[in-house]
Amino acid sequence: MTIYFSSNKIPALQEFSLYQRQAILTLAQAKFSAPEKFILNIIKLLLLLPPFLFIANLQGLALAASVVVVLSAYFLILRPIMLYFSAKHLDKAIAQYKKSEQ
């Protein structure tokens, strides 16, 4: 299991531009099954709920700094998970993208 932090590191997507990779990943994410969507949403909830409960008690500069840290960590953790779930749907999404491009 390889963990990718960026879509340009995925071998199947290296030949595409940033815009094309985003479109293909959107197509792949549309192919998620209900259990995959459920698991992904539970992961998001588990990542966001504790920090925001902590942030609710902060004020001023500590609040702003905490929000920046939480959002950064959210994207650093969630992006590889999204790419992992999308990987098994990439072949179909690439085929669909090439078909719609013509």
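Glutamate 15 and lysine 98 form a salt bridge in this predicted model, and their closest N and O atoms lie 3.9 Å apart. The pair ties together distant parts of the chain, with glutamate 15 in the segment before helix 1 and lysine 98 in helix 4 (residues 90-101), 83 residues apart. Glutamate 15 is exposed, as its relative accessible area is 62%, while lysine 98 is partly exposed at 37%.

By the rule used here, the count comes to two salt bridges. The other partners are lysine 88 and glutamate 36, whose closest N and O atoms are 2.9 Å apart. This pair also links distant parts of the chain: lysine 88 sits in the loop between helix 3 and helix 4, glutamate 36 belongs to helix 2, and 52 residues separate them. Lysine 88, in contrast, is exposed at 60%.

| Residue | Relative accessible area | Class |
|---|---|---|
| Glutamate 15 | 62% | exposed |
| Lysine 98 | 37% | partly exposed |
| Lysine 88 | 60% | exposed |

Now to the fold as a whole. The protein has four helices and zero strands, and reading along the sequence gives the pattern α-α-α-α. With a radius of gyration of 17 Å, well over the 13 Å that the globule rule gives for 102 residues, the protein is more spread out than a compact globule. Its C-alpha atoms fill a box of roughly 55 × 30 × 25 Å along the principal axes. Of the 102 residues, 26% count as buried. Among contacts with a separation of 6 or more, 75% come from residues 24 or more positions apart.

What does the surface look like? The protein exposes about 7,100 Å², and carbon and sulfur atoms supply 66% of that area. A nonpolar surface patch of about 700 Å² is made by Phe38, Ile39, Ile42, Leu45, Leu46, Leu49 and Leu53. One of these residues, isoleucine 42, has its place in helix 2 (residues 34-55) and is partly exposed, with a relative accessible area of 33%.

The average pLDDT is 89, and 99% of the residues score at least 70.

Key
Residues are numbered from 1 along each chain as its sequence is written. This is a predicted model: local features need pLDDT of at least 70, side-chain atom pairs count only at pLDDT 80 or more; totals for chains, interfaces and linings use all residues. Side-chain values use heavy atoms; hydrogens and water are left out. Patches are made of residues with over 30% relative accessible area and no salt bridge: like charges are joined within 9 Å, nonpolar side chains (Val, Leu, Ile, Met, Phe, Trp, Tyr) within 5 Å. Accessible areas come from the Shrake-Rupley method with a 1.4 Å probe; for residues, only the protein chains shown count as cover. A salt bridge is a side-chain nitrogen of Lys or Arg within 4 Å of a carboxyl oxygen of Asp or Glu. Helices (H or I, at least four residues) and strands (E, at least two) are DSSP runs, numbered from the N terminus. Buried means under 20% relative accessible area, exposed over 50%, partly exposed in between (1.4 Å probe, protein chains only). The radius of gyration is taken over C-alpha atoms; the globule rule is 2.2 Å times the number of residues to the power 0.38. Contact means heavy atoms within 4.5 Å. pLDDT is the predictor's confidence in each residue, from 0 to 100.
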